Amino acid sequence: MMQRRDFIKTSVAAAGAMVLGIGCGKDDESSALLPGTAFFPQSVASGDPKPSSVVLWTRVVDSLKGANAALQVQLEVATSPDFESVVSLANKPQLTLEAGPDFNHCIKSRITDLNPSTTYYYRFVYTAGDGKRYTSNTGRTRTAPSADSDSPVKFAVVSCQDYNGRYYNTMRRLANEDIDFVVHLGDYIYETTGDLSFQNVSKDRQVQFKKPQEAIVFNAGEPSEYYAAKSLSNYRDCYQTFRSDLDLQRLHENFPFIVIWDDHEFSNDCYGSTGTYFDGAQDETDVPRRQAANQAWYEFMPVDFRDNPDFKYDSSVAPPNDISIYRDFVFGK
């Protein structure tokens, strides 16, 4: 069994919380924070709001230290956007987390012992090699109402957000709406880079794989050539590119998401570990590809796994037992 001290060193951590009525927002250390979007290229996100808990997410990179470095990051949570009233995490004003290469330097922290129907603010802080402290954008999240509450709750529902040749003007407007939570019904990514049968490709809005040799190629050598993600690197490229969109980032920054997947998180019209690009003309069952898709989804989604907050994706476990995404939520009466 994994010991807690070892668990805290992974990409996922859990911490109880309590509010400290101290002015931590104006001390010398905090006032020296610098904008750190270069270190947090996908910004921040929160998800799976419960009456007393929520999951917080970010991804941190440091080009000078390289892709294989383990990076120490501090998480701060507060009840005000100026971080005057910070929330104690594991009896400290900050929770130290480690972003490692095994999960693409993604971090998820399950914060517990929160108050229901309460708005919280959070940010991640990274100390770079120059000794300066850089902060992510500030995220805003909210807990669910208690089970006996009769207060109204407002949800927005979104799905099918292809990036290739498309813009998220709907999300730009939605980020300013008076809502509490966002439910995402899947197709968070599209695994193909330019299938002209349904995707519009433009120079500014197209997923490009760092390792196209690991992808599935269609119409090779023709003007209509495009790829489908196959490797873990390919699927990570999809999430990194989609989440680079500033409108999608802002929606995540403003509201907690409840996320499930559809088919394009793996493969169009798939079933199990089998794709359907070739209409049965060849065997498209590909277990490693399914595992790569599942791991990338696990890395980038702020999900609280059912009855297992310590869950870490294990690629040695075969689908469908490698991951379970179904879970329950209750919002008041």
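Visitor: Which helix gives the most to the lining of the largest pocket?

Guide: Helix H4 (residues 232–242), with four residues. Helices are DSSP runs of H or I of at least four residues, strands runs of E of at least two, numbered from the N terminus. This is a predicted model, where local features need pLDDT of at least 70, side-chain atom pairs count only at pLDDT 80 or more, and totals for chains, interfaces and linings use all residues. Residues are numbered from 1 along each chain as its sequence is written, and side-chain values use heavy atoms, leaving out hydrogens and water.

Visitor: What makes residues part of the lining of the largest pocket?

Guide: Lining residues have an atom within 4 Å of a pocket point; the pocket is an open set on a 1 Å grid over the protein atoms alone, where a 1.4 Å probe fits, with protein on both sides within 12 Å along at least five of seven lines. Here 16 residues line the largest pocket, and Arg59, Ala67, Asn104, His105 and Gln240 lie nearest its centre.

Visitor: Why do E3 and E4 count as paired?

Guide: Pairing takes at least two DSSP bridges. Four bridges join E3 to strand E4 (residues 54–59), so the two strands pair, running antiparallel. Gly47 stands opposite Val55 in E4. Six residues lie between the strands of this hairpin, and Asp48 in the turn has a positive phi of about 50°.
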